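Visitor: I have a structure to look at and would like to go through it step by step. Please show it, and then I will ask my questions.

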Amino acid sequence: MAESRGRVWTGVIRVGPHRGDHRVAVRAVLSVGIPLLVLLALGRLDLSVYASFGAFAALYGRTDLPRTRVRMQAVAGSVLVSCMLVGTALSALATPAIASVAVVALLAAVVTLFAYRAQWHPPGALFAVFAAGATASFPATGATFLTVLLVGGASVLWSLLVTTVFVLARRGSWRRPARTRPPIGSVAWEMTATVGVAALLAGIAGVLLIGTHWYWAMVGAVAAVGGAHVTARLIRGVQRLVGTLLGVAIAAGLLALDLPPWVVLLVAVALQAGAELFVGRNYGIAMLFITPLALLMVSLASPVAPEMLLRDRVIETVIGVAVGTLVAIVSAGLRRRSARS
């Protein structure tokens with residue numbers, strides 16, 4: 001038991017080696033920053049969430065060969081836009097929160113299975129859950145669907161253009177070796193079920209206990225069950241919880257400054273760069289950047305009292321990580337029992 005705890009805490013504080021993360025950070029800054037600056041010039045920062053989620057396509061395939069990376073980003077971008085459309089439909093139909101949670105949890109399970117089969121990097125459905133849950137929480141009408149397609153789709157295309165330019169500038173090879181896809185076996189189904197159950201339970205708890213920003217609980221749960229085995233899941237959960245709590249403190253300071261929108265965008269772009277420099281090396285450190293980034297973007301798109309925003313982020317994350325960790329432990333126990341029988 002002591003050895004197991006030691007592995008967890010060693011994993012929590014371990015910082016991986018730097019492997020070209022600066023190039024990924026520059027691509028992410030351009031992919032996210034330019035669409036936001038365009039919206040600022042148009043006076044439509046209320047659409048910044050749609051642009052940001054579309055631009056998240058640039059975060060996929062960071063370690064893959066050029067053709068694989070561009071293809072993965074194109075598919076991931078399409079999935080993210082589709083998730084925003086699902087969330088928009090839930091909002092436009094005034095779907096009850098519990099029903100919205102169920103839909104987003106099902107989406108989490110489906111995307112998890114798809115990401116496993118397609119060997120996405122980063123793996124899993126975290127961004128998909130975030131995109132669907134956030135848009136389900138924003139007011140929407142029939143016209144919003146076209147807005148999502150235009151703004152989100154344009155951001156995806158822009159991120160693909162940025163990636164392609166970087167590839168050509170570095171004269172990267174567009175050839176790629178044959179990429180074998182893992183079969184859909186017991187591991188994939190266990191991951192899918194674990195993510196779906198964790199997201200569902202965390203979302204329901206978030207709705208019943210807090211009521212607002214329930215999708216943060218789902219995102220926290222999905223992050224906590226994202227590892228390949230229980231130790232990795234525990235490490236991820238602790239890193240997300242500690243990183244979020246410290247990140248909320250940073251966000252509180254930034255929100256208290258009442259910065260003008262253009263300064264908020266510059267800070268957001270800098271935070272995005274910091275997140276990409278560390279997300280592959282230590283998830284907890286990355287959360288120091290990701291948490292204030294998410295809160296700043298939500299405050300731009302849908303102004304809310306900072307106190308409520310910060311409170312919801314902390315409580316919903318605690319709920320999500322607690323539920324996700326519990327589901328991860330139960331899942332590991334069931335897997336061991338099944339292996340022995």
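Visitor: Which residues does Leu 47 touch, not counting residues up to four places away in sequence?
Guide: This is a predicted model, in which local features need pLDDT of at least 70 and side-chain atom pairs count only at pLDDT 80 or more, while totals for chains, interfaces and linings use all residues. Residues are numbered from 1 along each chain as its sequence is written, and side-chain values use heavy atoms, with hydrogens and water left out. Leu 47 is found in the loop between helix H2 (21–42) and H3; a contact here means heavy atoms within 4.5 Å. With residues up to four places away left out, Leu 47 touches Leu 39, Thr 147 and Val 151.

Visitor: How far apart are the C-alpha atoms of Leu 47 and Thr 147?
Guide: Along the chain, Leu 47 and Thr 147 are 100 residues apart. Their C-alpha atoms are separated by 8.2 Å.

Visitor: Is Leu 47 buried or exposed?
Guide: Buried means under 20% relative accessible area, exposed means over 50%, and partly exposed is in between (1.4 Å probe, protein chains only). Leu 47 has 11% relative accessibility, so Leu 47 counts as buried.

Visitor: How many helices and strands does the protein have?
Guide: Helices (H or I, at least four residues) and strands (E, at least two) are DSSP runs, numbered from the N terminus. Counted this way, the secondary structure comes to 13 helices and 0 strands.

Visitor: What share of the residues in the protein is buried?
Guide: The protein has 341 residues. Of these, the buried residues make up 51%.

Visitor: How many residues of H3 are buried?
Guide: H3 covers residues 48–55. Among its buried residues are Tyr 50, Phe 53 and Gly 54. H3 is mostly covered, and the buried count is 8 of its 8 residues.

Visitor: Which residues of H12 does H3 meet?
Guide: On the side of H3, the residues are Ser 48, Val 49 and Ser 52. In H12 they meet Met 297, Leu 300 and Ala 301.

Visitor: What is the orientation of H4 relative to H5?
Guide: The axes of helix H4 (residues 66–92) and helix H5 (residues 97–118) come within 11 Å and cross at roughly 170°. That angle makes H4, relative to H5, roughly antiparallel.

Visitor: How do the residues of the contact of H4 with H5 divide into nonpolar, polar and charged?
Guide: H4 contributes residues including Val 75 and Cys 83, and H5 contributes residues including Ser 100 and Phe 114. Ala, Val, Leu, Ile, Met, Phe, Trp, Tyr, Cys and Pro count as nonpolar, Asp, Glu, Lys and Arg as charged, and the others, Gly among them, as polar. The contact divides into 10 nonpolar, 1 polar and no charged.

Visitor: Which residues is Phe 130 in contact with, leaving aside its neighbours within four places in sequence?
Guide: Phe 130 lies in helix H6 (residues 126–137) and is buried, with a relative accessible area of 13%. Its contacts, with those neighbours left aside, are Phe 53, Tyr 215, Trp 216, Val 219 and Ala 294.

Visitor: What is omega for the peptide bond that joins His 121 and Pro 122?
Guide: Pro 122 is found in the loop between H5 and H6. The bond from His 121 to Pro 122 is cis, with omega about 5°.

Notes:
Axes fitted to C-alpha atoms, helices over the stretch in contact; angles between N-to-C directions. Parallel < 35°, antiparallel > 145°, perpendicular 65-115°, else oblique.
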